[in-house]
Amino acid sequence: MKKVVTFGEIMLRLSAPGYQRFIQSTSLNATFGGGEANVAVSLSNYGIPTDYVTRLPENDIAEWCISDLRKYNVGVQNIIRGGDRVGIYYLETGAVARASKVIYDRANSAMADIKPGMVDWEEVFKDTQWFHWTGITPALSQGAADACLEAIKIANKKGITVSTDLNYRKNLWKYGKSASDIMPTLVEGCDIILGNEEDAEKVFGIKPEGFDVAHTGGDVDAAEFESVCTQLKKRFPRAKKVIITLRGSINANHNTWGGCLYSDKLYQSKRYDITHIVDRVGGGDSFMGGLIYGLITYPADDQKALDFAVAASCLKHTIYADYNLVTVAEVENLMKGDGSGRVSR
């Protein structure tokens with residue numbers, strides 16, 4: 001089977017234990033995570049060969065990170081070395097009415113200082129069927145945006161499927177360009193586009209008619225997003241499929257979760273009621289990992305691909321840290337309706 005290549009920044013994640021606030025914590029839990037790395041881990045767990053491309057310095061923290069990726073069978077042979085530091089993010093997990101909080105410490109990271117020409121994409125893309133990037137990567141720096149565009153153009157030339165998760169992060173666009181300045185040129189080269197209602201509006205000014213996400217009470221109607229999908233397909237005619245994740249936030253621990261996919265028509269998933277969230281960080285990445293697996297495995301069944309993605313990401317909400325450490329069998333059991341959580345003996 002040909003591999004899936006993902007490209008972006010992986011960071012050291014330092015989390016306050018449980019639901020503690022930073023100010024009361026005397027220790028922080030250390031793990032690793034980043035949008036594209038999270039997708040690669042999901043796919044490796046599902047048996048899809050992966051190759052994760054990033055830039056890391058020559059130090060012990062970077063070696064720790066690479067060892068962590070190897071543990072989950074993610075390909076690391078094309079990680080390039082250079083720069084001075086691994087990016088960090090700090091996480092305070094919210095509860096009920098108190099939202100989670102993320103603080104980034106990733107300025108001048110090795111990945112932020114990447115430039116076009118540093119990665120040999122011709123070599124990386126040997127035996128590749130799919131290339132995935134997210135909107136986080138071009139938000140880091142002009143160099144990262146240019147390197148991402150370089151990869152997309154070579155992937156397009158080679159006939160490799162290109163997907164993106166729009167992943168708008170307002171706190172990252174700090175180098176003088178906005179998402180709306182940079183993203184359109186990159187997304188023009190994509191076959192698959194994933195986003196949510198905020199991504200489409202903040203980056204492209206596209207929003208569903210008559211919908212206010214702040215007043216849903218946790219009830220999000222997939223049909224209201226068909227117009228977002230059709231507008232994105234019209235704006236980016238290369239895109240074969242547009243997918244929207246649908247999160248209804250009742251509180252920090254209780255969300256509804258689903259999605260819709262538009263190709264030849266609108267496909268809608270079932271809606272999961274996730275009442276006791278363990279960790280929602282990486283939820284969108286787990287959806288993307290499940291979606292790529294589904295579209296590769298069920299190429300003629302968009303409904304099944306969507307259902308796999310939603311079930312996979314539902315399970316991620318029960319797992320601590322960024323990675324979705326579930327198997328295909330576990331996802332398929334949930335798709336069949338087995339969400340009882342009974343002990344497997």
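I began with D51 and asked: is D51 buried or exposed? D51 is buried, since its relative accessible area is 0%, and I kept in mind that this is a predicted model. I then looked up where D51 sits, and found it in strand β4, which covers residues 50-53.

**Entry two: its partners.** Which side chain does the side chain of D51 make a polar contact with? I found that of K3, at 3.1 Å. Setting aside neighbours within four places in sequence, I also listed the contacts of D51: K3, V4, V5, T6, G75, Q77, N78 and V124.

Next I turned to α2, which has 12 residues, 60-71. From first C-alpha to last, α2 reaches 16 Å, close to the 16 Å expected at 1.5 Å a residue. I noted A62, C65, I66, D68 and L69 as the buried residues of α2. Seen down the axis of α2, these fall within an arc of 155°, so they line one face of the helix. A reminder to myself: an α-helix has 3.6 residues a turn, so residues three or four places apart point the same way.

At the start of α2, a side-chain oxygen of N59 reaches to within 3.1 Å of the backbone nitrogen of I61. After α2 comes N73, with a positive phi near 65°.

Note on methods: Residues numbered from 1 in each chain as written. Predicted model: local features only at pLDDT ≥ 70, side-chain atom pairs only at ≥ 80, totals over all residues. Heavy atoms only, no water. Helix = DSSP H or I, 4+ residues; strand = E, 2+ residues; numbered from the N terminus. Buried < 20%, exposed > 50% of the residue type's maximum accessible area, 1.4 Å probe, protein only. Polar contact = N/O pair within 3.5 Å; in protein donor to acceptor, adjacent residues only side chain to side chain. Contact = heavy atoms within 4.5 Å. Expected span 1.5 Å × (residues − 1). Arc of directions from axis to C-beta.
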